[in-house]
Amino acid sequence: MKPLLVFQHVGCETPGIFLDLLEKQNRPVETVRLYEGDRVPEDLSPYSGLLVMGGPMSVNDEADYPWLRTEDRLLKEALALDVPTLGICLGSQLIAKAAGGAIRQGPRKEIGWYPVRLTTAAQHDRLFGGFPESIEVFEWHGEYFDAPPRAVNLASSALYECQAFSIGRNVYGLLFHLEVTASMVSDWVRTFTQELDGVKDYIRPDAILDQLPVRIDALNRLAQTFFVRFCQSLR
């Protein structure tokens with residue numbers, strides 16, 4: 001069985017519950033920790049698919065993070081060959097950019113728990129099909145994208161028209177985080193205190209943590225259904 005390739009951009013943004021599901025399915029995983037200087041593969045042929053995680057940098061920070069250019073090249077390959085690919089937050093922005101979309105700074109950040117509304121297309125999508133019309137998700141982003149060329153818009157929030165998209169049959173981008181566990185959310189609140197200080201007029205870290213016990217189980221159930229379906233397409 002070919003391994004699933006994971007691109008990780010910072011230590012605390014792991015595949016979370018997705019990794020637990022991969023272990024239950026006995027699927028091999030190869031993680032490239034770009035922030036530690038791990039070597040990036042030349043192409044995607046040795047892999048069953050690609051999982052691209054989040055991170056605090058911008059897709060436009062290629063001068064500071066040269067490996068973003070390498071990711072862009074491999075994501076263009078994934079798009080051209082319809083390799084099973086899932087991008088989360090920064091990962092979704094990288095896919096959108098590789099597909100020809102523009103990534104911009106949003107009017108305000110979404111950090112914490114937010115409802116997103118699934119589109120009609122999502123109701124018939126093989127990963128989102130059967131989900132409620134509105135789902136509560138965990139967000140942590142300041143930049144956003146419009147649905148890139150050839151993409152199907154699958155979800156929106158009050159602030160951002162495109163929160164999830166698909167391109168072809170196998171490539172998906174989620175601006176929100178389905179993969180987080182309770183410990184990950186707590187860790188991010190502790191780790192990114194400077195960012196949270198900058199948005200304290202409209203985002204309260206204590207509210208994020210207060211809502212965690214009542215929201216995380218429902219999010220994890222959605223994540224399990226979504227990711228098991230994604231894994232069914234792995235090569």
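**Close-up views of a predicted model**

**Figure 1. Arg 117 and its partner Glu 133.** Arg 117 is partly exposed, with a relative accessible area of 44%. As with every view here, this one shows a predicted model. Which side chain does Arg 117 meet in a salt bridge? The partner is Glu 133, with N and O 2.6 Å apart. The pair links distant parts of the chain: Arg 117 sits in strand 5 (residues 103-118), while Glu 133 is in the loop between helix 4 (120-123) and strand 6 (134-145), 16 residues apart. Glu 133 also counts as partly exposed, at 49% relative accessibility. Side chains of opposite charge can pair when their charged atoms come close.

Figure 2. Because Arg 215 lies in helix 7 (residues 205-231) and Glu 136 in strand 6, the pair ties together parts that are 79 residues apart in sequence. Arg 215 is partly exposed, at 27% relative accessibility. Glu 136 is partly exposed too, at 30%.

Figure 3. Lys 76 and Asp 72 form a salt bridge, and their closest N and O atoms are 2.5 Å apart. How are the two placed along helix 2 (residues 67-81)? They are 4 residues apart, so about one helical turn separates them. Are the two partners buried or exposed? Asp 72 is buried, with a relative accessible area of 16%, whereas Lys 76 is partly exposed, at 41%. The structure holds 9 salt bridges.

**Figure 4. Helix 5 packed against helix 7.** Helix 5 (residues 182-191) and helix 7 pack with their axes 10 Å apart, at an angle of about 175°. That angle is over 145°, so helix 5 runs roughly antiparallel to helix 7. On the helix 5 side, the contact is made by Ala 182, Val 185, Ser 186 and Val 189. Helix 7 contributes Pro 205, Ile 208, Leu 209, Leu 212 and Ile 216. What kinds of residue make up this contact? There are 8 nonpolar residues, 1 polar and no charged.

**Figure 5. The surroundings of Leu 50.** Leu 50 lies in strand 3 (residues 49-52). This leucine is buried, with a relative accessible area of 0%. Not counting residues up to four places away in sequence, Leu 50 touches Leu 4, Leu 5, Phe 7, Leu 44, Leu 75, Pro 84, Thr 85, Leu 86 and Phe 230. Leu 234 is 184 residues from Leu 50 along the chain, yet their C-alpha atoms are separated by 8.9 Å.

Figure 6. Leu 22 is buried, with a relative accessible area of 1%. Leaving aside neighbours within four places in sequence, Leu 22 is in contact with Leu 4, Arg 27, Val 29, Phe 227 and Cys 231. One of these, Phe 227, is 205 residues away in sequence, but the C-alpha atoms of Leu 22 and Phe 227 are 9.1 Å apart in space. Leu 4, seen here, is also among the residues that Leu 50 touches.

Figure 7. Ser 166 is found in strand 8 (residues 164-167). Is Ser 166 buried or exposed? At 6% relative accessibility, this serine counts as buried. Neighbours within four places in sequence aside, Ser 166 is in contact with Asp 125, Arg 150, Ala 151, Val 152, Leu 154, Val 171 and Tyr 172.

**Figure 8. The setting for the close-ups.** The chain has 7 helices and 9 strands, and its C-alpha trace spans about 45 × 40 × 35 Å along the principal axes. Its radius of gyration is 16 Å, which agrees with the value near 18 Å that a compact globule of 235 residues would have. Buried residues make up 56% of the 235 residues. Among contacts between residues at least 6 apart in sequence, 75% join residues at least 24 apart.

Technical notes. Residues are numbered from 1 along each chain as its sequence is written. This is a predicted model: local features need pLDDT of at least 70, side-chain atom pairs count only at pLDDT 80 or more; totals for chains, interfaces and linings use all residues. Side-chain values use heavy atoms; hydrogens and water are left out. A salt bridge is a side-chain nitrogen of Lys or Arg within 4 Å of a carboxyl oxygen of Asp or Glu. Buried means under 20% relative accessible area, exposed over 50%, partly exposed in between (1.4 Å probe, protein chains only). Contact means heavy atoms within 4.5 Å. Axes are lines fitted to C-alpha atoms, for helices over the stretch in contact, and angles run from 0 to 180 degrees between N-to-C directions. Angles under 35 degrees count as roughly parallel, over 145 as roughly antiparallel, 65 to 115 as roughly perpendicular and the rest as oblique. Ala, Val, Leu, Ile, Met, Phe, Trp, Tyr, Cys and Pro count as nonpolar, Asp, Glu, Lys and Arg as charged, and the others, Gly among them, as polar. The radius of gyration is taken over C-alpha atoms; the globule rule is 2.2 Å times the number of residues to the power 0.38.
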